[in-house]
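Please look over the structure shown here before reading the briefing, which goes through it element by element.

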Amino acid sequence: MKTKIQEKFATLFGEGGEMFASAGRINLIGEHTDYNGGYVFPGAIDCGIVAKIKPNGLGKVRAYSLDYDEFVEFGLAEEDKPEQQWARYIFGVCRETAKRGGKVEGFDTVFAGDVPLGAGLSSSAALESTFAFAINELNGNGIDKFELAKIGQSTEHNYTGVKCGIMDQFASVFGKAGSLIRLNCKTLEYKYFPFNPVGYKLVLIDSCVKHELASSAYNKRRASCENAAAAIRKNHPEVDFLSDAKRVWLDEVRDEIPEEDFLRAEYVIGEVQRVLDVCDALERGDYETVGEMMYQTHFGLSRLYEVSCEELDFLNKLARKMDVTGSRVMGGGFGGCTINLVKEELCDAFIAAAKEQFEAKFGHAPKVYNVVISDGARKL
């Protein structure tokens, strides 16, 4: 990928320029906890976006996407917003940097990625983080890493219309090889935990399905959580978010809220605790407990939060049957991937069975990605 980028850059823009990269991400555990003020537990992975960038002194950006085989040129003022969606990510990062008082000068760039699209690995966050980091470095802006993550998040909000949380960009910027990051979504405090699963592999099985329910169902679940938190708050005013609540406090209001809201809240309160349990287990090097917590999360997402689907439940059951250490749906649900913690000696057999049995049942093979926890945004 790097060689292709360099060759194309030389053809379009000549010599010079510097290389920057950022990563996609996985989230080991802590799903649907972000908007409830709870913990998430992501890490950067060994695939992402790589860009070559060189200031051009023209007061505009000239960008070429190798993946789309498309060239776009745009100015740096608000009215210069490009038509192409991919170019809006770069434009948004330029605008959000400028809004924070950072210097942004015109540049030439060629970039490409190897994050599988649509697999829930945050290719957009990798793109934003690459350019936020590069613009900061090239212009000597001295913007801190947290603000770089927020530049990416604001780009999604203001230039691509996605009201995302901070996790994806945070993981892309702060990622560190051999570590996962526990982020408190309420306070933004974070801590690195060792993730060196010797004898195990992290395997993503992509169902290649996306059910249409996702956005309306997401809003409905968010409302359920807010409703449960409001009911608990009447008795316990210190509860700002559902993540602040104790399970017994939820039981106190069981008869005051719809059963559906109770089940959603039961999942979230349990998930917040599971993240903490996984962190403790990792510090002991206890990957069996980590795996069991992943299965518990899948059960909660499937039965209590109801964001799984037949394809993902099938993959999860198969993993359990084949003695895979841990497995769960990753991301918002209604399709996408399962993330699996698999003993190395079982890995080939599990992947072969997943491909064969899934295709026999659903008529198409899933995609499989092995991922390694790696560094986030950086200069190459």
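Leaving out residues up to four places away in sequence, Phe131 touches Ala51, Ile53, Ile90, Val93, Phe107, Thr109 and Phe111, where contact means heavy atoms within 4.5 Å. This is a predicted model in which local features need pLDDT of at least 70 and side-chain atom pairs count only at pLDDT 80 or more, while totals for chains, interfaces and linings use all residues. Residues are numbered from 1 along each chain as its sequence is written, and side-chain values use heavy atoms, with hydrogens and water left out.

- Phe131 belongs to helix α3 (residues 123–138), helices (H or I, at least four residues) and strands (E, at least two) being DSSP runs numbered from the N terminus.
- The relative accessible area of Phe131 is 0%, so Phe131 is buried, a term that stands for under 20% relative accessible area, with exposed for over 50% and partly exposed in between (1.4 Å probe, protein chains only).
- Phe131 and Phe91 are 40 residues apart in sequence, and their C-alpha atoms are 9.6 Å apart in space.
- Val239 sits in the loop between α6 (214–235) and α7 (247–252), and Val239 is likewise buried, with a relative accessible area of 0%.
- Apart from neighbours within four places in sequence, Val239 is in contact with Ala229, Ile232, Arg233, Asp244, Ala245 and Trp249; Ala229 is ten residues away in sequence and 7.0 Å away from C-alpha to C-alpha.

**Helix α1**

- Helix α1 (residues 2–13) has twelve residues and spans 16 Å from its first C-alpha to its last, close to the 16 Å expected at 1.5 Å a residue, the expected span being 1.5 Å times one less than the number of residues.
- Ile5, Phe9 and Phe13 are buried in α1. Seen down the helix axis, the buried residues of α1 fall within an arc of 30°, so they line one face of the helix; the arc is that of the directions from the axis to the C-beta atoms.
- The face of α1 turned away from the buried side carries the exposed residues Lys4, Glu7 and Thr11, whereas the cover over its buried residues includes β1, β3, β4 (60–65), β5 (70–75) and β6.
- Just after α1, Gly14 takes a positive phi of about 85°.

- Strand β3 (residues 42–55) is mostly covered, with twelve of its 14 residues buried.
- Strand β1 (residues 18–27) runs antiparallel to β3 and is joined to it by nine bridges, two strands counting as paired if DSSP finds at least two bridges between them; Phe20 stands opposite Ala51 in β3.
- β3 also pairs with strand β6 (residues 107–113) in the antiparallel sense over seven bridges, and Val50 has Ala112 in β6 as its bridge partner.
- Strand β11 (residues 335–343) is mostly covered as well, eight of its nine residues being buried.
- Strand β9 (residues 200–210) pairs with β11 in the antiparallel sense over eight bridges, while five bridges join strand β10 (residues 326–330) to β11, again antiparallel.
- β10 and β11 form a hairpin with four residues between them, and Gly331 in the turn has a positive phi of about 100°.
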